[in-house]
Amino acid sequence: MAKAERYGPGEEASEYEPGDFILTHRNRPIAALITFGQARRFRGPDAPFAHWSHTALIVDREGMIVEAESMGVVKSPISKYRATEYHLVRLGPEFGAEGRKRTVDYASSQVGVAFGYLALVGLSIYLLTGLPVRLMRRNHQICSELVVRALQAGGLLTDADPALTLPADLAKRFEVRP
């Protein structure tokens, strides 16, 4: 059973399980567009989920993460989010060692891949019109696509469409509220 733990500014988790992931809110231009678009789609009781504009995957026990940034997919320490709020989604013992290994292997293999600006345009069209437009280039990923594809490699979220899944979708699925 998955559960989310909140870490506010100045706080940081002390234990990490590879294959878990974080959700956070950023104050950057791309994040502002994501938040705006998600707010159009997530309304009423689902509105809090639109708060999340970024996600990243835990890849080792020391707290290293793999994430899709505007300059591409990178490996970073989770401590870079210490000054802001993030929620660590712990997927629990039901997500076994082999699935976690495949998840981490997939995410790690994506380091160096370019950011998916074209996918972001497709998602923008989807959020504004409701039309599921998938504009993608091989070897380009956005943050939520990276996390979803990694979790799918491990056997989770098999029904999710990585091209149309946003941080708010992950938050809703795992009941992560700000």
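At 2% relative accessibility, Ala68 counts as buried, a word that here means under 20% relative accessible area, with exposed meaning over 50% and partly exposed in between, for a 1.4 Å probe and protein chains only. The model is predicted, so that local features need pLDDT of at least 70 and side-chain atom pairs count only at pLDDT 80 or more, while totals for chains, interfaces and linings use all residues. Residues are numbered from 1 along each chain as its sequence is written, and side-chain values use heavy atoms, with hydrogens and water left out.

Ala68 belongs to strand β4, which covers residues 64–69; helices (H or I, at least four residues) and strands (E, at least two) are DSSP runs, numbered from the N terminus. Once its neighbours within four places in sequence are set aside, Ala68 is in contact with His54, Val73, Phe115, Gln141, Ile142, Cys143 and Leu146, where contact means heavy atoms within 4.5 Å. For His54, which stands 14 residues from Ala68 along the chain, the separation between the two C-alpha atoms is 8.9 Å.

One of the partners of Ala68 is Gln141, and this residue lies in strand β8, residues 140–141. Gln141 is buried too, with a relative accessible area of 4%, and its side chain reaches the backbone nitrogen of Leu146 at 3.1 Å. Beyond its neighbours within four places in sequence, Gln141 is in contact with Ala68, Tyr106, Gln110, Val113, Ala114, Phe115, Gly116, Leu146 and Arg149.

Gln110, among these partners of Gln141, is found in the loop between α2 and β7 (114–115). The relative accessibility of Gln110 is 11%, and it therefore counts as buried. Not counting residues up to four places away in sequence, Gln110 touches Val73, Gln141 and Leu146, and its side chain makes a polar contact with the side chain of Ser109 at 3.2 Å. A polar contact is a pair of N or O atoms within 3.5 Å; within protein, one must be able to donate a hydrogen and the other to accept it, and residues adjacent in sequence count only if both atoms are side-chain atoms. Gln110 and His140 are 30 residues apart in sequence, and their C-alpha atoms are 9.0 Å apart in space.

The next topic is the packing of two helices. Two packed helices are described by the angle between their axes and the distance between the axes. Helix α2 (residues 97–109) and helix α4 (residues 143–153) pack at an angle of about 140°, and their axes are 7 Å apart; the axes are lines fitted to C-alpha atoms, for helices over the stretch in contact, and angles run from 0 to 180 degrees between N-to-C directions. The two helices are therefore oblique to each other, since angles under 35 degrees count as roughly parallel, over 145 as roughly antiparallel, 65 to 115 as roughly perpendicular and the rest as oblique. On the side of α2 the contact is made by Arg102, Thr103, Tyr106 and Ala107, and on the side of α4 by Leu146, Arg149, Ala150, Leu151 and Ala153.

Helix α4 is mostly covered, with eight of its 11 residues buried, namely Cys143, Ser144, Glu145, Leu146, Val147, Val148, Ala150 and Leu151. The helix is followed by Gly155, whose phi is positive, near 100°. Gly154 is found in the loop between α4 and α5 and is buried, with a relative accessible area of 8%. Leaving out residues up to four places away in sequence, Gly154 touches Phe95, Gly99, Arg102 and Thr103.

Leu157 is also placed in the loop between α4 and α5 (167–173). Most residues other than glycine have a negative phi, and most peptide bonds are trans. Leu157, although it is not a glycine, has a positive phi of about 55°, and with a relative accessible area of 8% it is buried. Glu175, likewise not a glycine, has a positive phi of about 55° and lies in the segment after α5.

The side chain of His87 makes a polar contact with the side chain of Glu85, at 3.1 Å. Apart from neighbours within four places in sequence, the residues in contact with His87 are Ala4, Glu5, Arg6, Phe21, Ile22, Leu23, Trp52, Val176, Arg177 and Pro178.
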